[in-house]
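Take a walk through this model.

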Amino acid sequence: MTLFDVYPLYDIEIVEGKGELLWDKNGNEYLDLYGGHAVISIGHSHPHYVNKLKNQLDKIAFYSNSVIIPQQFELASLLGKITGLDDYQLFLCNSGAEANENALKLASFHNGRKKIVAFSKGFHGRTSLAVSATDNKNIIAPVNENNNVTILPFNDEEKLTLYFKKYGNEISAVIIEGIQGVGGIVEATPSFLRLIRELCDTYGTLFVADSVQCGYGRSGRFFSHDYAKIKADIYSVAKGMGNGFPIGAILIAPHIIPKHGMLGTTFGGNHLACTAAIGVLEVIEKENLMTNALILGDFLKSELKKIPNVKEIRGKGLMIGVEFTYPVEHLRNQLVKEFRIFVGNSSNKHVLRILPPLNVAKESLEKLVQALKILN
Ligand SMILES: Cc1ncc(COP(=O)(O)O)c(C=O)c1O
């Protein structure tokens with residue numbers, strides 16, 4: 001059998017990782033400032049995380065949601081504490097797309113409506129409803145085309161207000177990333193997020209904060225939407241939540257009432273996945289990683305300003321986009337091939353995405369800056 005060829009791959013076989021370092025099968029060392037699409041939050045093979053998972057694996061890895069799984073309660077309690085959303089409810093699933101799929105479905109169950117508002121350059125995943133709320137025609141199959149979703153211009157308050165005036169009573173949910181990731185690290189303005197909150201309150205619409213990439217402390221706050229001082233009705237999370245173990249979730253406001261059978265999953269919330277997520281939160285707390293993300297993010301941004309050909313530096317914490325005056329595909333390849341540094345690209349061909357583990361060392365960021373200086 002061959003692999004279904006959907007990914008352009010580097011000819012590199014990674015066999016080991018530690019912190020922000022990776023090694024290939026030939027023993028070459030790489031610097032991982034991308035975390036496999038923003039997934040590695042506490043560093044590869046963090047000892048606390050590895051020990052927890054090993055111990056749990058010796059006991060039990062999985063049972064379904066037909067029995068009490070104590071790790072789910074522990075995770076919910078830790079999440080309530082770190083987010084300040086103690087009164088929210090947790091539904092566990094397996095990925096970011098699944099989290100958004102459930103968020104939008106739940107909103108529709110809640111208010112009985114069908115219309116969804118999403119925004120230009122937004123990315124919400126590849127499953128049916130999540131992909132139809134994603135602004136990329138190339139990944140929407142005909143069967144996913146969905147007349148219920150309207151894509152409005154990102155950060156355009158006037159267009160959003162007009163749309164709500166016309167259809168407000170029919171809109172089930174607005175979904176928005178606090179900082180667009182795949183779209184090229186573009187922040188939603190605080191006033192745009194506050195307007196969404198206001199309009200949602202006025203019209204009985206639910207605010208879904210897609211925090212799959214910009215959440216989990218990466219921005220220096222637990223949710224990047226927190227910078228606007230608003231609360232969403234539903235937050236979706238995944239990626240950094242499991243540091244590589246597949247897990248996703250939605251955090252649901254107390255006014256949304258659950259009903260048996262309304263949502264469900266076979267794998268979601270299993271013992272091993274919850275253990276991974278608990279380990280991650282413990283490390284984020286113990287090592288003060290949100291503060292670290294802020295401090296190191298500010299340091300990196302100030303250093304990146306010194307690089308020639310940089311047009312704009314965007315983002316918060318360790319979610320940073322560097323927009324160059326030229327397309328960056330070649331530059332990204334040079335970083336990998338000549339300097340053994342991984343960074344990401346985005347749908348904006350001029351933008352490099354930098355998404356290192358939140359406990360990355362300052363020296364590792366300095367290495368990136370040095371390499372970019374040489375290449376520019
Ligand atoms: C903001 C955002 N939402 C949702 C997703 C989908 O997550 P997953 O690939 O885990 O399904 C992504 C993935 O890149 C994302 O960046």
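The paragraphs below take these topics in turn.

This is a predicted model: local features need pLDDT of at least 70, side-chain atom pairs count only at pLDDT 80 or more, and totals for chains, interfaces and linings use all residues. Residues are numbered from 1 along each chain as its sequence is written.

The largest nonpolar core holds 104 residues. Such a core is a set of buried Ala, Val, Leu, Ile, Met, Phe, Trp, Tyr and Cys residues joined through C-beta atoms within 7 Å. Buried means 20 or more other C-beta atoms within 10 Å of a residue's own, exposed means 12 or fewer, and partly exposed lies in between, with C-beta atoms placed from the backbone. V174, V208, I234, A249 and A277 touch the most other members. Helix α8 (residues 271–286) supplies the largest share of this core, 10 residues. Helices here are DSSP runs of H or I, at least four residues, and strands are runs of E, at least two, numbered from the N terminus.

Now α3. This helix spans residues 70–83. Its buried residues are Q72, L75, A76, L79 and T83. G84 follows α3, with a positive phi near 75°.

Last, the ligand. Helix α4 (residues 96–111) gives the most to its shell, with three residues.

Methods:
Expected span 1.5 Å × (residues − 1).
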